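Me: I've got a structure open and a few quick questions. Can we go through them one at a time?

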Amino acid sequence: MNLEIKEKENQYVMSTYGRFDICFKKGNGCVLVDDENHSYLDCTSGIGVNSLGHNHPEVVKVIQEQAQNLLHVSNLYYSEPMIYLAEKLVTASHMNKVFFANSGAEANEGMIKIARKYSYDKYGENRNVILTLKQSFHGRTMATLSATGQDKFHHYFYPFVDGFDYVECNNIHDLENKCDDKVCGIMMELIQGESGVVPLNVEYVQQVEKLCHEKDILLMIDEVQTGIGRTGTLFAFEQYQIHPDLVSLAKGLGAGMPIGAVLAAEKCQNTLQKGEHGTTFGGNLMSCAVANKVMEIVNQPDFLYEVEQKGNYFMNQIKAISSSDIKEVRGKGLMIGIVVDEKKRMDYVNEFIKKGLLVLTAGIDVIRLLPPLIISYEEIDKIILIMQEVFQ
Ligand SMILES: *Cc1c(COP(=O)(O)O)cnc(C)c1O
């Protein structure tokens with residue numbers, strides 16, 4: 001890569017990221033091209049963001065048209081893209097109302113505030129604890145870091161936000177034990193993404209829902225990574241046959257434009273009133289125009305069915321690679337985790353890069369695949385060939 005860029009990054013940008021030595025210039029569909037004209041098959045989607053791949057013609061067209069009209073006007077006024085997007089999200093989710101933000105963490109902050117205020121309005125002070133799962137990931141702001149159930153995130157930045165406690169995944173007894181009269185919400189990813197593509201059991205999640213209903217605790221589902229078609233249904237919660245009180249979205253909703261959203265069910269649709277929450281960029285015309293297009297394309301039975309089918313095919317093809325290097329393959333739709341030897345993981349990742357394949361990691365021993373939802377069977381086959389070479 002252009003070493004000047006690397007040097008300048010080192011000089012001018014805070015060193016919060018460990019970057020690979022690749023500088024990307026353009027992309028098309030599932031293919032990314034670097035500054036030396038090397039092509040890569042992209043199984044990262046910008047960490048679950050570019051759900052329609054790169055340079056999608058309809059997305060480009062929406063961006064061009066919207067840019068010529070208006071980018072942003074603030075939430076002091078109405079604008080069409082935001083309202084139409086709200087209608088689409090509410091209708092598709094069977095929830096009641098939406099609040100627009102700019103990122104996953106910010107959407108989760110909104111969920112946390114709604115859960116606490118809902119409880120405050122109804123039960124007064126001191127019922128404000130939110131239970132989250134161990135190994136969860138909910139974001140990098142102070143409250144969402146506090147919500148994240150991994151010790152490694154709980155250093156340096158003291159004091160963290162009070163009122164969070166952590167329970168074991170798929171263990172209803174642990175949850176029942178910690179679910180005292182101070183708890184106002186339970187927040188979880190249905191497939192834990194960052195910690196290793198770990199799906200929760202359906203039975204467990206349904207028990208959690210039941211407990212929430214019995215105690216009037218809000219069920220808060222973080223669909224920042226799993227949402228908008230990633231797992232083969234528009235929302236992962238559909239596959240668990242539950243009705244969450246709150247759902248957060250971000251990543252894939254904007255297909256590359258920054259956007260986050262919180263959906264609220266009837267119970268808490270009016271919990272936040274005028275002046276009680278806000279964000280300057282939230283609901284801007286540009287992000288919402290693109291998200292409308294994403295919803296139009298992704299929220300089609302045929303499209304979602306294809307994601308499910310391609311995901312099953314992809315997972316089965318990986319499982320069919322006979323290699324002791326692959327310990328387990330798991331996931332749903334096009335959210336796939338390959339468990340490998342922790343010590344060899346980065347070697348595999350670097351071998352993939354040499355052969356023109358980009359993947360993500362998760363947890364300590366998982367290679368994570370989040371390809372664009374528009375990936376073709378031919379591209380999956382090419383990826384499988386590369387994996388065969390590397391794993392065998
Ligand atoms: C990525 C992610 C977040 C944080 O989203 P940002 O847009 O980075 O703030 C929160 N929750 C889950 C499940 C995620 O995967």
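Me: Which backbone oxygen lies 3.0 Å from a polar atom of the Ser-51 side chain?
Reply: That of Gly-252. Bear in mind that this is a predicted model.

Me: Where does Ser-51 lie?
Reply: In the loop between α2 (45-48) and α3 (57-69).

Me: Is Ser-51 buried or exposed?
Reply: Buried. Its relative accessible area is 2%, and the cut-off for buried is under 20%, so Ser-51 falls in that class.

Me: What is Ser-51 in contact with, leaving aside neighbours within four places in sequence?
Reply: Gly-252, Ala-255, Val-294, Pro-372, Leu-373 and Ile-374. Leu-370 is worth a look too: 319 residues from Ser-51 in sequence, but 8.8 Å away in space, C-alpha to C-alpha.

Me: New topic, the ligand. Which residues are around it?
Reply: Ser-103, Gly-104, Ala-105, Asn-108, Phe-137, His-138, Gly-139, Glu-189, Asp-222, Val-224, Gln-225 and Lys-251. By class, that shell has three nonpolar, six polar and three charged residues.

Me: Which helix gives the largest share of the shell?
Reply: Helix α5 (residues 104-123), with three residues.

Me: How much of the ligand does the protein bury?
Reply: 81% of the 380 Å² that the ligand exposes when taken alone.

Me: Switching to rings. How many aromatic pairs are there?
Reply: Eight. One of them joins Tyr-158 and Phe-160.

Me: Why is the pair of Tyr-158 and Phe-160 called edge-to-face?
Reply: Because the planes sit at 85°, and over 60 degrees counts as edge-to-face. The ring centres are 5.1 Å apart. Tyr-158 is exposed, at 60% relative accessibility. Phe-160 is buried, at 16%.

Me: What about Tyr-348 and Phe-391?
Reply: Also an edge-to-face pair, 4.9 Å centre to centre with 65° between the planes. Tyr-348 is in helix α11 (residues 345-354) and Phe-391 in helix α12 (residues 377-391), so the pair ties together parts 43 residues apart in sequence.

Me: Are those two buried or exposed?
Reply: Tyr-348 is buried at 6% relative accessibility. Phe-391 is buried at 3%.

Me: Which residues form an aromatic cluster with Tyr-348?
Reply: Phe-352 and Phe-391.

Notes. Residues numbered from 1 in each chain as written. Predicted model: local features only at pLDDT ≥ 70, side-chain atom pairs only at ≥ 80, totals over all residues. Heavy atoms only, no water. Helix = DSSP H or I, 4+ residues; strand = E, 2+ residues; numbered from the N terminus. Buried < 20%, exposed > 50% of the residue type's maximum accessible area, 1.4 Å probe, protein only. Contact = heavy atoms within 4.5 Å. Polar contact = N/O pair within 3.5 Å; in protein donor to acceptor, adjacent residues only side chain to side chain. Near = heavy atom within 4 Å. Areas by Shrake-Rupley, 256 points an atom, 1.4 Å probe, with all protein chains shown as cover. Nonpolar A, V, L, I, M, F, W, Y, C, P; charged D, E, K, R; others polar. Phe/Tyr/Trp six-rings, centres within 6.5 Å; stacked < 30°, edge-to-face > 60°.
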